[in-house]
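Hi there,

I am passing a structure over to you today. Have a look below, and then read on for what turned up in it.

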Amino acid sequence: MSDLTQTTWTNWSGFQKSNPQQILQPANTHELQSIVRDHAKIRVVGAGHSFTPLVCTDATLVSLDRISGVASFDLERCQSNIYAGTRLYDLDQYLQQQSINQALMNQGDIDQQSLAGAVSTGTHGTGADLHCISAYVEAFELLTASGEILKCSRTENPEIFAAGRVSLGSLGILTKITMQNRPRYKLREHIELCPVEDMMQHIQQWKHQHRHIECFVFSYEKQLMLKTLDETDEEILPRKENFPSDDTLLTMCSELTKSFPSLNPYLQKLLGIFVKPTTYIDWSSKIFPTPRNTRFNEMEYHVPVDQGIACLDEVLRALRKHQVATFFPLEFRFVKGDDIWLSPFYQQDSISISVHQYHKQDPRLIFDVVEPILQTYQGRPHWGKMHTMSTVQLRALYPKWDDFMALRQQLDPQAKFLNPYLEKLFLAKD
């Protein structure tokens with residue numbers, strides 16, 4: 001077991017910080033069990049890509065980075081049993097092997113997360129007929145507060161399985177996760193500009209014409225970036241780096257907007273100059289992720305699918321009315337509903353609306369404008385993105401909220417796996 005000596009932990013954006021007593025990095029599950037038995041308070045960290053204080057603790061922080069790789073695979077079912085600390089960007093090197101030949105069903109456009117972190121927060125990509133990553137979990141092993149490892153699936157500990165696929169690390173520590181995969185496949189990525197008005201009129205039709213569709217909508221620009229991904233057998237046409245790169249342009253325009261807010265509408269008008277129609281073809285694991293070197297903070301809510309366009313329109317009007325200085329576009333995606341107790345998509349097909357702010361700017365200046373609108377449309381917050389919802393508000397949105405809390409209390413009566421943030425969220429009195 002290694003003990004990382006740094007005394008300060010920060011998340012990817014730098015907004016969340018804490019000073020854990022120690023950061024431990026066990027080499028295997030046995031060492032992890034010893035840590036759990038020997039410590040009163042524990043939080044687990046993956047990539048630090050959550051924007052909420054999910055990881056922040058002044059107690060013991062545990063990294064699963066050394067517990068990674070594929071433990072086993074099932075060719076007939078096209079499933080892989082994967083160690084929970086495996087980073088998504090590393091996963092393909094295991095799954096692409098000829099003896100396995102598997103790929104994840106869906107991914108988001110960031111692949112830095114650990115598998116456990118992505119599953120535990122309901123991380124998702126886009127696709128009207130595609131779930132978040134947690135819904136493709138077929139089984140998992142959970143290390144409980146007592147040091148016991150439970151095997152959970154639809155037939156074995158089914159209640160824990162129903163709750164534990166999105167649990168924010170509050171039920172215990174995921175050690176292995178069995179993913180339902182599919183044979184490796186290629187995707188054709190196409191990006192082009194599209195009038196915002198056309199998208200709002202036709203998107204409900206377009207979403208069924210593509211495996212994946214998402215929109216990047218700017219508050220002052222009448223055109224948006226439309227991105228579609230479709231399965232293909234065509235020859236690989238790898239993504240090329242633009243000059244200047246998209247990240248360079250994003251950083252430059254964000255810096256200008258921060259320093260000279262009045263320039264924002266004019267900078268957004270440059271979209272038509274810098275964004276040209278592009279098409280790339282590659283294996284899914286190469287197409288899904290997009291470089292994200294410009295740091296930001298993010299809020300994301302998931303609204304019922306039939307309310308998404310109206311919600312987006314109201315958000316855009318509010319951003320213009322308040323002249324909010326952000327160059328980042330809104331991100332608009334589709335996610336299919338599932339049956340996971342605390343999934344934002346529980347029994348609800350959803351439209352995901354993401355709001356970003358450059359990491360050098362105060363995110364609350366934009367989030368305070370947008371969040372009340374997202375809540376008005378019965379939006380559920382992404383667990384890994386910033387939000388201000390209270391226990392009372394969340395209970396009203398999640399039919400299985402009280403069932404989850406009762407199960408959490410049963411599995412971890414001493415709240416070993418809760419940090420101050422989760423204690424406030426889960427244990428607050430009405």
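How many helices and strands are there in the protein chain? There are 14 helices and 21 strands, counted as DSSP runs (helices H or I, at least four residues; strands E, at least two) numbered from the N terminus. The radius of gyration, taken over C-alpha atoms, is 21 Å, close to the 22 Å that the globule rule gives for 430 residues, so the chain is as compact as a globular protein of that length. That rule is 2.2 Å times the number of residues to the power 0.38.

Some background: this is a predicted model, where local features need pLDDT of at least 70, side-chain atom pairs count only at pLDDT 80 or more, and totals for chains, interfaces and linings use all residues. Residues are numbered from 1 along each chain as its sequence is written, and side-chain values use heavy atoms, leaving out hydrogens and water.

Of the 430 residues, 60% are buried (under 20% relative accessible area; exposed is over 50%, partly exposed in between; 1.4 Å probe, protein chains only).

Now to the cysteines. The structure holds zero disulfides (pairs of cysteine sulfur atoms within 2.5 Å). For Cys78, the nearest cysteine sulfur belongs to Cys132, 19 Å away. Cys215 has the sulfur of Cys194 as its nearest, at 7.0 Å. Cys78 counts as buried because its relative accessibility is 12%, and Cys215 counts as buried at 0%.

Finally, Phe260 lies in the loop between helix 6 (246–259) and helix 7 (264–268). Phe260 counts as partly exposed because its relative accessibility is 47%.

Best wishes
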